Amino acid sequence: MASPALKSGETLEDRCGLVTQVTNRKYPKLKEVDDVLGGAAAWENVDSTAESCPKCEHPRAYFMQLQTRSADEPMTTFYKCCNAQCGHRWRD
């Protein structure tokens with residue numbers, strides 16, 4: 001049997017009375033990108049390319065490609081600035 005229509009200004013929460021206030025939220029700590037990519041050792045044997053760093057404009061960056069989505073999607077390219085003082089990381 002169908003429920004009667006809501007009255008003007010009435011919400012489902014008003015009708016059901018099942019609303020509870022969330023007072024204590026805990027968010028799990030997400031893994032750092034390095035942990036997912038294999039840590040600092042993952043960048044030890046990678047090639048560099050002529051990709052400009054968006055942070056310091058250094059003309060070269062290390063790169064690696066990983067399949068992060070389904071097989072019919074293109075690979076994700078991760079970059080790390082070759083400038084040791086910068087070390088900025090980004091993806092394409």
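1. Let's start at C56, which sits in the loop joining strand 1 (47-49) and strand 2 (61-66). Strands here are DSSP runs of E with at least two residues, and helices are runs of H or I with at least four, numbered from the N terminus.

2. Keep in mind that this is a predicted model, where local features need pLDDT of at least 70 and side-chain atom pairs count only at pLDDT 80 or more, while totals for chains, interfaces and linings use all residues. Residues are numbered from 1 along each chain as its sequence is written, and side-chain values use heavy atoms, leaving out hydrogens and water.

3. Now look at C81, in strand 3 (residues 76-81). With 2% relative accessibility, C81 counts as buried. Setting aside residues within four places in sequence, C81 has contacts (heavy atoms within 4.5 Å) that include C53, C56 and C86. Under that sequence rule, C56 touches C81, N83 and C86.

4. UniProt, in an unreviewed entry, gives a "binding site" at C53, C56, C81 and C86. These four span 34 residues in sequence, yet no two of their C-alpha atoms are more than 9.0 Å apart, so they gather at one spot. UniProt positions follow the numbering used here, feature names are shortened, and annotations may be inferred rather than shown by experiment.

5. A friendly caution on confidence: pLDDT (the predictor's confidence in each residue, from 0 to 100) averages 80 over the chain, and 73% of the residues score at least 70. Confidence is highest in strand 1, at 93, and lowest in helix 2 (residues 33-37), at a mean of 58. Where pLDDT is low, predicted coordinates should not be read in detail.

How values were computed: Buried means under 20% relative accessible area, exposed over 50%, partly exposed in between (1.4 Å probe, protein chains only).
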